[in-house]
Amino acid sequence: MIFTPETTDELTPTDTGVWLVTTKTAQQVWDLDDMWFTRLSSPVSTPMLGDDERQPIYKIGALPKIGRGSLVWFDDPVDPFGTAQWRISSFARRIMRLPDLSAVEQRFAAGESRAIDIQRGWYPLLADLDAKLAEADPTLQYSQIKEKGGGLRIYTYGGDDKTEALIREAERISWRTCERCGDAGTLHESPTWYQRTLCPPCAVVLNHTEVER
Ligand SMILES: [Zn+2]
């Protein structure tokens with residue numbers, strides 16, 4: 001099976017949906033449905049006020065575009081009536097649509113934490129799998145969804161050979177999909193031997209080196 005997440009070269013004012021924008025060093029989530037902006041922290045970018053928190057977009061100077069920077073204003077999260085905060089980003093290198101994972105959350109078995117313990121690069125893969133599982137066996141429930149040893153791991157209650165095959169296939173695809181940005185990836189390792197599947201630029205950001213196989 002070939003799985004290709006939806007990407008675009010440019011976001012325009014008429015676009016809708018939620019998008020993960022990856023630049024050389026940083027990442028942002030642009031929610032064009034409800035107009036929220038989130039700057040994601042990273043080990044190589046300077047921490048800024050409101051990182052990793054959704055901020056209501058006040059004004060857009062430049063939407064993300066491959067090879068160009070973006071500019072956005074939002075209310076100061078500490079002083080909403082004060083001067084608006086602005087964020088300028090370096091050139092975008094990947095713009096990928098992020099799916100709504102509420103259907104996945106609702107398929108967790110009662111009593112489970114409902115934690116989707118993976119990075120955003122695998123969200124499209126997970127949403128695609130979830131839709132196929134719901135069709136194959138609507139009674140199937142999740143016990144855990146996480147990253148382990150650089151691969152996607154999904155544990156369920158119920159299911160059959162068909163759902164098992166769908167899960168194994170998605171797990172196989174995760175081994176060649178960057179868990180941070182969704183681009184093509186390979187297995188990498190941190191200096192403390194933590195393994196992640198990453199593309200070359202994300203591996204540089206996270207200080208991982210490729211694992212020889
Ligand atoms: Zn990546």
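View 1. The centres of domain 1 and domain 2, taken over C-alpha atoms, are separated by 25 Å. Domain 1 covers residues 18-98 and domain 2 covers residues 102-210; these bounds come from an automatic or database domain assignment. Domain 1 gives 16 residues to the contact, and domain 2 gives 13 residues. Contact here means heavy atoms within 4.5 Å. This is a predicted model, in which local features need pLDDT of at least 70 and side-chain atom pairs count only at pLDDT 80 or more, while totals for chains, interfaces and linings use all residues. Residues are numbered from 1 along each chain as its sequence is written, and side-chain values use heavy atoms, with hydrogens and water left out.

**View 2. The interface of domain 1 and domain 2.** The size of an interface is often given as the accessible area lost when the parts come together. Here, domain 1 and domain 2 bury about 1100 Å² between them. Carbon and sulfur atoms carry 58% of that area. Buried area is the accessible area (1.4 Å probe) that two parts lose on being put together, summed over both. The rule finds 4 residue pairs in polar contact across this interface, both residues at pLDDT 80 or more. A polar contact is a pair of N or O atoms within 3.5 Å; within protein, one must be able to donate a hydrogen and the other to accept it, and residues adjacent in sequence count only if both atoms are side-chain atoms.

**View 3. The side of domain 1 that touches domain 2.** How many salt bridges does the rule find across the interface of domain 1 and domain 2? The rule finds 1 salt bridge there. Strand 1, strand 2 (27-31) and strand 7 each supply at least two residues of the side of domain 1 that touches domain 2. Strands (E, at least two residues) and helices (H or I, at least four) are DSSP runs, numbered from the N terminus. Strand 7 gives the largest share of this side, 5 residues. By class, this side of domain 1 has 8 nonpolar, 4 polar and 4 charged residues. Ala, Val, Leu, Ile, Met, Phe, Trp, Tyr, Cys and Pro count as nonpolar, Asp, Glu, Lys and Arg as charged, and the others, Gly among them, as polar.

View 4. The whole structure holds 8 salt bridges. A salt bridge is a side-chain nitrogen of Lys or Arg within 4 Å of a carboxyl oxygen of Asp or Glu. One of them joins glutamate 6 to arginine 97, at 2.7 Å from N to O. Glutamate 6 sits in the segment before strand 1 (18-23), and arginine 97 in strand 7 (residues 92-98), 91 residues apart. Glutamate 6 is partly exposed, at 43% relative accessible area. Arginine 97 is also partly exposed, at 28%. Buried means under 20% relative accessible area, exposed over 50%, and partly exposed in between (1.4 Å probe, protein chains only). A further salt bridge joins aspartate 51 and arginine 39, at 2.9 Å from N to O. Aspartate 51 lies in the loop between strand 3 (36-40) and strand 4 (55-62), and arginine 39 lies in strand 3, 12 residues away. Are aspartate 51 and arginine 39 buried or exposed? Both residues are buried.

View 5. Arginine 172 pairs with glutamate 169, and the closest N and O atoms are 2.8 Å apart. Why are arginine 172 and glutamate 169 separated by about one helical turn? Because they are 3 residues apart in helix 3 (residues 161-174). Arginine 172 is partly exposed, with 48% relative accessible area. Glutamate 169 counts as buried, at 18%. Salt bridges with shared partners also join Glu164, Arg168 and Glu171 into one network.

**View 6. Glutamine 28 and serine 89.** Glutamine 28 belongs to strand 2. Serine 89 belongs to the loop between strand 6 (85-88) and strand 7. A polar contact of 3.4 Å joins their side chains. Glutamine 28 is buried, at 3% relative accessible area, and serine 89 is buried, at 15%. Leaving aside residues up to four places away in sequence, glutamine 28 touches residues including Trp19, Phe37 and Arg39. On that basis, serine 89 touches Thr23, Gln28, Gly69 and Ser70.

**View 7. Aspartate 75 in its loop.** Aspartate 75 lies between strand 5 (71-74) and strand 6. Its relative accessible area is 30%, so aspartate 75 is partly exposed. Its neighbours include Gln55, Pro56 and Tyr58, not counting residues up to four places away in sequence.
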